Amino acid sequence: MQIYNTLTRRKEPFTPLVEGKVSMYVCGMTVYDYCHLGHARVMVAFDVITRYLRHRGYEVNYVRNITDIDDKILKRADENSETISALTERMIDAMHDDEVRLNVLPPSHEPRATGHIGEIIAMIATLIEKGFAYPAANGDVYYRVRKFTNYGKLNNRQLDDMRSGARVEVDVHKEDPLDFVLWKAAKPSEVHWPSPWGNGRPGWHIECSAMSTCCLGDTFDIHGGGPDLTFPHHENEIAQSEAATGKTYVNTWMHAGAVRVNQEKMSKSLGNFFTIRDVLAEHDPEVVRYLLVASHYRSAINYSADSLVEARKSLTRFYTALDGVEGQGKESQDASTVGQAAFASYSERFETAMDDDFNTPEALAVLFDLARDLNRAKSDQPAEAPRLADELKRLAGVLGLLQQKPQTFLKGAQQQVALSEAEIESKIAERQASKANKDFAKADAIRDELAALGIILKDSREGTTWVIETPQ
């Protein structure tokens, strides 16, 4: 297995610190508002990575934190005239609801910043003792960036190229404009914790250093996050953690790609900012998940009406292939037109794709080949179809897809048409009556009328069923 390492800017063979086990930390949400599409991108990307690592037999300890104390949280709670805990608990519940709907598995551990204040204070004290941090006259504690020799290694930046005031905080109390805050002195009536440097609260960067090392140790296998976190957040995490422990912080850094909306950067100022719940109110969650999975996790995703239509078309192809195949596949070793070697090749090709830096587009190409062969088997080798269907569902499940019953999904597009399910069934009954009366012209007209609305009828010995066909 090879994984692209942001730190080295190349794919590298993945060898975990402990054989058979993977330790992974992903920066989670700052819970002052509902999760947006960018959060969904990170949630789904690392959910797929976790699922696949487990599929390959690894025991994965997946830690994703919650930032539940932050400037944005304080401001939003004040604006809403609610307590910080009321705001954060409400947003955490909403985040978990979004995850369930997107079929994102919960992480192994979900530490909260407020639950690790002691560890944060201890790490800051160590940094001060080693000369990497200093208390300032205003009660804040800052990190000495120039003290850390390798600062900038994750982003391939030189210190002198980092312009003061662009991406770093400027403060008259800092020794150097590049220094960043570890501990913030509390303002009057502001929530705070006691510390050796006075009442205050942690800075954002130190929270992740403390929580990750507390949960996974001084060095762990994978650290992930969104594309906007490489600088300064992850750069600062490295500086803090390695200065405090004297050890390599993380072996492999992974970053998901950005989400663009109609080829533009998602931004509230552009009016193209969507929360997950906004999107799921209009679209099937599995269609949204498919869109997020269909691109390689490091690639940018374009969210648009057209891309969602294409995602639904793709899922429709899969569910149409699965439709009508009942029961579990037999584990028979009998020869078939597909053949045992060819059957095994689906899994091998799927794993070859995923072993190459979790290449989901190539993995999905394998599933499309499998769906094509399933469609052929349904008519040519019906005894083989259940085994192929099981394999399609098994491999798709590694991506968190094809978890619905085929008819449930295929009828789920009903919201796109003008008729209710009862009205569709009434039309089908009318068509059946016309056929019974040998009025085939009227029966055909009803079929054509429904087809024009995207409702496709399927006749069989058991009767007539229907699905919604995605518009071309």
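Two strands are taken to pair if DSSP finds at least two bridges between them. Helices (H or I, at least four residues) and strands (E, at least two) are DSSP runs, numbered from the N terminus. By these criteria, strand β9 (residues 220-225) runs parallel to β10 and is joined to β10 by 5 bridges. H223 stands opposite W253 in β10.

The structure is a predicted model, in which local features need pLDDT of at least 70 and side-chain atom pairs count only at pLDDT 80 or more, while totals for chains, interfaces and linings use all residues. Residues are numbered from 1 along each chain as its sequence is written, and side-chain values use heavy atoms, with hydrogens and water left out.

**Sheets**

An open sheet is formed by 4 strands in the order β4-β3-β9-β10, with parallel pairing. β4 (59-64) and β10 (250-255) are at the edges with a single partner strand each, so one side of each has no neighbour in the sheet. From one strand to the next the twist averages 20°. Helix α5 (residues 204-216) lies across β3 (21-26), β4 and β9, and runs at about 160° to β3. Axes here are lines fitted to C-alpha atoms, for helices over the stretch in contact, and angles run from 0 to 180 degrees between N-to-C directions.

Strand β7 (residues 180-185) has antiparallel pairings with β6 and with β8.

Buried means under 20% relative accessible area, exposed over 50%, and partly exposed in between (1.4 Å probe, protein chains only).

**Helix packing**

Helix α1 (residues 37-55) packs against helix α12 (residues 385-398) at an angle of about 125°, with the axes 8 Å apart. The two are therefore oblique to each other; angles under 35 degrees count as roughly parallel, over 145 as roughly antiparallel, 65 to 115 as roughly perpendicular and the rest as oblique. V48, R51, Y52 and H55 of α1 make the contact with R394, G397 and V398 of α12, where contact means heavy atoms within 4.5 Å.

**Cysteines**

The whole structure holds 0 disulfides, a disulfide being a pair of cysteine sulfur atoms within 2.5 Å. The sulfur of C208 has its closest cysteine sulfur in C27, at 3.8 Å, which is too far for a bond. C208 counts as buried, at 1% relative accessibility. C215 is in no disulfide either, the nearest cysteine sulfur being that of C214, 5.0 Å away. With a relative accessible area of 27%, C215 is partly exposed.
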